[in-house]
Amino acid sequence: MVQYTLAQSPEIILTVSGKDSAKARDKAMDQLMELMDAGKLPTELEEGFGPQQLIEVKESTIDTASGEDTITQAVQVLSNLATLKLKVQESRSEALEIRQAVDVLFTDESVTEEEITRLKEGFKVLKNFAQANVRYQEARSKAEQARQILDQALKSPDK
């Protein structure tokens, strides 16, 4: 199938079987003449308009590729979100325990050197959890858009 349009009316698409050829252009001209006779052509064509002035409409493979790239990126964003969510969940309870232990530093209670050493070691877990949680929150907001892209790509064409 080949499609043609007019520079004067790009919304008009004339579809002819076969590939671009003089014969296909003549068939498209016949369709154009029928539209003109029926008064369905929104524009006046100049005298001497011929088949060589028809513009072939090519399918845009770039749009498809960029659409596929967008979908691939959306899936990667969601995969990253899933990984970050697991990381946050795995370290949350330990980080919360360490966070509660931090409160002992702000009291008048005495603490042992062992407790302070344990706290200092726990700060790394706390830091890693907090950083992962921040990255998770950022990724989550990006993932909303990724989810919408996938929802759009998964929509049934008949809806």
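**Salt bridges and their surroundings**

Reply: In this predicted model, Arg147 is partly exposed, with a relative accessible area of 44%. Arg147 forms a salt bridge with Glu144, and the closest N and O atoms of this pair lie 2.8 Å apart. Glu144 also counts as partly exposed, at 37% relative accessibility. Because Arg147 and Glu144 are three residues apart in helix H3, about one helical turn separates them.

A search of the whole structure finds four salt bridges, among them the one between Arg147 and Glu144. Another joins the side chains of Asp103 and Arg99, with a distance of 2.6 Å from N to O; here Asp103 counts as partly exposed at 38% relative accessibility, and Arg99 likewise counts as partly exposed, at 41%. Arg25 forms a salt bridge with Asp20, the closest N and O atoms being 3.1 Å apart. In this pair Arg25 has a relative accessibility of 17% and therefore counts as buried, the cut-off being under 20%, whereas Asp20, at 35%, counts as partly exposed.

Helix H3, which spans residues 113-154, also bears on two other features. With three residues, H3 gives the most to the lining of the largest pocket, a pocket with a volume of about 160 Å³, and the residues of that lining divide into five nonpolar, no polar and two charged.

Technical notes. Residues are numbered from 1 along each chain as its sequence is written. This is a predicted model: local features need pLDDT of at least 70, side-chain atom pairs count only at pLDDT 80 or more; totals for chains, interfaces and linings use all residues. Side-chain values use heavy atoms; hydrogens and water are left out. On a 1 Å grid over the protein atoms alone, a cavity is a set of points where a 1.4 Å probe fits but cannot get out, and a pocket is an open set with protein on both sides within 12 Å along at least five of seven lines; lining residues have an atom within 4 Å of a point. Grid points are joined across faces, edges and corners, and a volume is the space filled by probe spheres set on the points. Helices (H or I, at least four residues) and strands (E, at least two) are DSSP runs, numbered from the N terminus. Ala, Val, Leu, Ile, Met, Phe, Trp, Tyr, Cys and Pro count as nonpolar, Asp, Glu, Lys and Arg as charged, and the others, Gly among them, as polar. Buried means under 20% relative accessible area, exposed over 50%, partly exposed in between (1.4 Å probe, protein chains only).
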